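Open the model in your viewer and keep the selection tool at hand. The stops below say what to pick next and what is there.

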Amino acid sequence: MDEGSITRYIASQFADVDVVVASSENGAPEVSWGDTFFIHERDAHRFPFATIVTQDYGDFDNASHLDRPGVFRLNIGVSKETYQSLFAGEGKHDFTVIDRLMPHPVYGRNHWVCVLNPSEATLHTLSPLLEEAYQIAVKRAGRRKIRADERTRT
């Protein structure tokens with residue numbers, strides 16, 4: 001699967017999702033231009049529940065070697081419980097391997113998982129993780145709306 005197929009899949013599976021491709025037009029930092037962010041549209045803080053990253057971020061995030069032709073990384077933010085169930089007791093990971101679920105090389109400690117160039121079969125197995133990430137974003141947006149409403153009433 002390519003980035004466009006995955007983007008269309010996520011956009012069609014989940015309601016109220018803004019798909020944002022980082023560019024100069026939307027004020028994104030140049031280092032992220034071309035990367036795709038999936039954001040629940042009611043999330044006032046615009047925090048993505050999934051991303052597609054197409055390039056290394058200097059010394060900060062280069063373990064996946066996204067500088068290889070055609071290589072990209074799908075990242076998904078899951079719950080702590082799900083993350084621990086997937087990677088409990090696991091040791092080192094080769095973050096350059098294609099089509100394998102693994103912790104995010106930088107944000108794994110924040111319960112993000114990733115796959116380089118997922119196949120259609122792998123994307124199918126990722127569906128529950130994408131659903132969970134989306135539901136986390138929906139709940140987060142709902143909590144923020146409740147807090148904002150409470151502040152306007154006081």
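**Stop one: the core**

Select Ile 10, Phe 49, Leu 74 and Ile 76: of the 23 residues in the largest nonpolar core, these touch the most other members. A nonpolar core here is a set of buried Ala, Val, Leu, Ile, Met, Phe, Trp, Tyr and Cys residues joined through side-chain atoms within 4.5 Å. Buried means under 20% relative accessible area, exposed over 50%, and partly exposed in between, with a 1.4 Å probe and protein chains only.

Now colour the elements that give two or more residues to this core: α1 (3–13), β3, β4, α2 (80–87), β6 (112–116) and α3 (120–153). Helices (H or I, at least four residues) and strands (E, at least two) are DSSP runs, numbered from the N terminus. The largest share of the core, seven residues, comes from α3. Another core, of five residues, lies apart from it; Tyr 57, Leu 66, Val 71 and Leu 116 are among them. In soluble globular proteins, nonpolar side chains tend to be buried together.

A note on the model: it is predicted, local features need pLDDT of at least 70, side-chain atom pairs count only at pLDDT 80 or more, and totals for chains, interfaces and linings use all residues. Residues are numbered from 1 along each chain as its sequence is written, and side-chain values use heavy atoms, with hydrogens and water left out.

**Stop two: the sheet**

Show the strands. They form an open sheet of six, in the order β1-β2-β3-β4-β6-β5, with antiparallel pairing. Two strands pair if DSSP finds at least two bridges between them. Which strands stand at the edges? They are β1 and β5 (102–103); each has a single partner strand, so one side of each is left without a neighbour in the sheet.

Step across the sheet:

- β2 and β3 pair over three bridges. Pick Phe 38 and its bridge partner in β3, Ala 50.
- β3 and β4 pair over four bridges. Pick Val 53, which stands opposite Arg 73 in β4.
- β4 and β6 are joined by five bridges. Pick Asn 75 and its bridge partner in β6, Cys 114.

Stay on β3, where both faces are covered. Ala 50 and Ile 52 on one side are buried, as are Thr 51 and Val 53 on the other.

**Stop three: the salt bridges**

How many salt bridges does a search of the whole structure find? There are two. A salt bridge is a side-chain nitrogen of Lys or Arg within 4 Å of a carboxyl oxygen of Asp or Glu.

Select Arg 73 and Asp 61; their closest N and O atoms are 2.7 Å apart. Arg 73 is in strand β4 (73–77) and Asp 61 in the loop between β3 and β4, twelve residues apart. Arg 73 counts as buried because its relative accessibility is 1%. Asp 61 is buried too, at 6%.

Move to Asp 18 and Arg 46, whose closest N and O atoms are 2.9 Å apart. This pair links β1 (17–21) to the loop between β2 (36–40) and β3 (50–53), 28 residues apart. Asp 18 is partly exposed at 25%, and Arg 46 is partly exposed at 34%.

**Stop four: the pocket**

Finish at the largest pocket, with about 480 Å³ of space. A pocket is an open set of points on a 1 Å grid over the protein atoms alone, where a 1.4 Å probe fits, with protein on both sides within 12 Å along at least five of seven lines; lining residues have an atom within 4 Å of a point. The volume is the space filled by probe spheres set on the points, which are joined across faces, edges and corners.

Select Phe 37, Pro 48, Thr 51, Val 53 and Tyr 107, which lie nearest the centre among the 23 lining residues. β2, β3 and β4 each supply at least two residues of the lining.
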